Amino acid sequence: MIGGGFRDGEKTVTVARGQCRDDQTLRSNHEEADTRMILHAKHAARANRRLVLQSPDTDVLVLSISLFRSLDCPELWFRTGVKDRHRLIPVHDIAHALGEKMCSSLPGFHATTGCDSTSSLAGIGKKKAWDSLCRSCDHQDSLSLLGEEQELNVTTAARCEAYVCNLYTASKKTSTADELRYLMFCQKKQKNEMLPPTSDCLLQHLKRANYQAFLWRHALEAMLDLESPEGHGWVRDRELLVPLLITKSPAPESLLELTTCKCKTSACLRNCSCNNAGLACTEGCYCMADDEACKNPHGLTCISDSVESDEE
């Protein structure tokens, strides 16, 4: 069977004994081979007890595990590797071992943590994200909701944001990515490039992940009625679709111009970069603007209502 390689992208043909005929049962408007392979597997499972999917793509493996129960196939194997390093992965055993809830959360998990069409999270690998998912039933429920609808709703976005925040810190004090960024920024020796994305940037990422997960969850439907990716974390630049990274400023303009000091012994009186620039110290400085550790005269002062203070 050959599909997707014709001038008519929806066409699928069956080649047998030198004869070629159209197969209307597999006529499909899928644009990716990843989902089309799963659709063909569903069709082949009607007459075969054992199927083998061959692909070097992790996306196909994730799809086959998450949709295994819907394929009605007793044995499904995934063949991957190159040259003499081929191996067969028992998809049926993995699906049974993971359970229905984990399999349902796989499309949302893979799309959120990075796949062919979405980026990964800075400093977060698949193993760390997977371990966090396995430990929390709440996160499994949250990612199971990703891709249920084409439009990402507010509740699902908030729950998935909480999952991403948990990947960077186990602290329960933060509920949004913006709060987490502030907390991590105030911690000493924290690299800027290791900070999580802003809430706005993460929302655009989750929109793209939701769109991709929705497509995966409907891989067994031959004809898909999909909205344009525009508005789902993507924008059109001439003839290309490019990810919409952010719609708001990552920080207030005054903060972007902020000077921070590394004073430890001078109490911010001598050689203090904030003091020399005529700025007050903040929690981003080593002194953290503490009343005892910081004597920067440009810091905030408390004005009393007493007569003595007025005279002073």
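Biologist: How many salt bridges does the structure hold?
Modeller: This is a predicted model, and the structure holds 8 salt bridges. In one of them, the side chains of Asp8 and Arg27 meet at 2.8 Å, N to O.

Biologist: Which parts does that pair tie together?
Modeller: Asp8 sits in the loop between strand 1 (2-3) and strand 2 (12-16), while Arg27 sits in the loop between strand 3 (19-22) and helix 1, so the pair links parts that are 19 residues apart in sequence.

Biologist: Switching to helices, at what angle do helix 5 and helix 6 cross?
Modeller: The axes of helix 5 (residues 100-113) and helix 6 (residues 126-135) cross at roughly 145° and come within 11 Å, and the crossing is right-handed.

Biologist: And which residues meet there?
Modeller: From helix 5, Met102, Ser105, Leu106, Phe109, His110 and Thr113 meet Lys126, Ala129, Trp130, Leu133 and Cys134 of helix 6. By class, the residues of this contact between helix 5 and helix 6 divide into 7 nonpolar, 3 polar and 1 charged.

Biologist: Now pockets: what volume does the second largest pocket have?
Modeller: The second largest pocket has a volume of about 570 Å³. It is lined by 21 residues, of which Glu31, Glu32, Tyr211, Gln212 and Leu215 are the closest to its centre.

Biologist: Which helix gives the largest share of that lining?
Modeller: Helix 10 does, with 5 residues, and helix 1 (33-44) and helix 10 (199-217) each supply at least two residues of the lining.

Biologist: How many residues of that lining are nonpolar, polar and charged?
Modeller: The lining of the second largest pocket has 8 nonpolar, 6 polar and 7 charged residues.

Methods: Residues are numbered from 1 along each chain as its sequence is written. This is a predicted model: local features need pLDDT of at least 70, side-chain atom pairs count only at pLDDT 80 or more; totals for chains, interfaces and linings use all residues. Side-chain values use heavy atoms; hydrogens and water are left out. Axes are lines fitted to C-alpha atoms, for helices over the stretch in contact, and angles run from 0 to 180 degrees between N-to-C directions. Helices (H or I, at least four residues) and strands (E, at least two) are DSSP runs, numbered from the N terminus. A crossing is left-handed if the near helix is turned anticlockwise from the far one by less than a right angle, and right-handed if clockwise. Contact means heavy atoms within 4.5 Å. Ala, Val, Leu, Ile, Met, Phe, Trp, Tyr, Cys and Pro count as nonpolar, Asp, Glu, Lys and Arg as charged, and the others, Gly among them, as polar. On a 1 Å grid over the protein atoms alone, a cavity is a set of points where a 1.4 Å probe fits but cannot get out, and a pocket is an open set with protein on both sides within 12 Å along at least five of seven lines; lining residues have an atom within 4 Å of a point. Grid points are joined across faces, edges and corners, and a volume is the space filled by probe spheres set on the points. A salt bridge is a side-chain nitrogen of Lys or Arg within 4 Å of a carboxyl oxygen of Asp or Glu.
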